[in-house]
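Reader: I have a structure to look at and would like to learn how its parts are described. Please show it.

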Amino acid sequence: MKSLFMIISLAGALMTGCAGGSQKRSSTVSREQIQTHFDQGRYSEVIELCSQERVLETDLLLLRGRCYQKEGDSEAALGDFRTAREGAPDQALAYCFEANLLLSFGKVDAALETMHQAEMRLSTMRKRDRFYVRSLLGEAYLAKGDAESARDHLRKAVQVGEESPFQNPYALSITWHNLSQAEFELAAFRSARRSYEHYLQGK
């Protein structure tokens, strides 16, 4: 299984508004500077810059959380993801990054619980964000060993992804890869091959 959320450039997604749901307020933090530091792997400097704000906006909370995660401080990362989710409950990536972190600990049931909360809010999310939620649900069910549920969510994810003109084609290809794995585990070999071909086309 390939993890969609360890591949996406979070900073790029957030700075261009792809994450959605962030409420913009006045900020003294330069997002361009943060973007540069993140892209260069200077995560401790991103954390320092973000921590200068008394109240962090949703996008910066998620970004600092990812930097904490990359620096090995999983507890602080989880705290930022949950704070972001509580402050912006329609923010898809807040749920997805929290669940991804939980999956990295092997806490599959906790990750699924988080994503089921996101699933309950799908109708209020943008199409591209619904893609992220469905994709992460598919990953979580694959990790649990429930290939049938994984297939159902991943099929919905690729359908939404194909319909979204702004979708990251590489992110979509990763979802096709995971769908292929779920189908293979269900002995749906012909479908698995077609899905894997979609993955190769977008790779």
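Author: A crossing is left-handed if the near helix is turned anticlockwise from the far one by less than a right angle, and right-handed if clockwise. This is a predicted model, where local features need pLDDT of at least 70 and side-chain atom pairs count only at pLDDT 80 or more, while totals for chains, interfaces and linings use all residues. Residues are numbered from 1 along each chain as its sequence is written, and side-chain values use heavy atoms, with hydrogens and water left out.

Reader: In which hand does helix 2 pass helix 3?

Author: Helices are DSSP runs (H or I, at least four residues), numbered from the N terminus. The crossing of helix 2 past helix 3 is left-handed.

Reader: Is Leu-154 buried or exposed?

Author: Leu-154 belongs to helix 9 (residues 147-163). Not counting residues up to four places away in sequence, its contacts include Ser-135, Leu-142 and Ala-182. Buried means under 20% relative accessible area, exposed over 50%, partly exposed in between (1.4 Å probe, protein chains only). Because its relative accessibility is 0%, Leu-154 counts as buried.

Methods. Helix = DSSP H or I, 4+ residues; strand = E, 2+ residues; numbered from the N terminus. Contact = heavy atoms within 4.5 Å.
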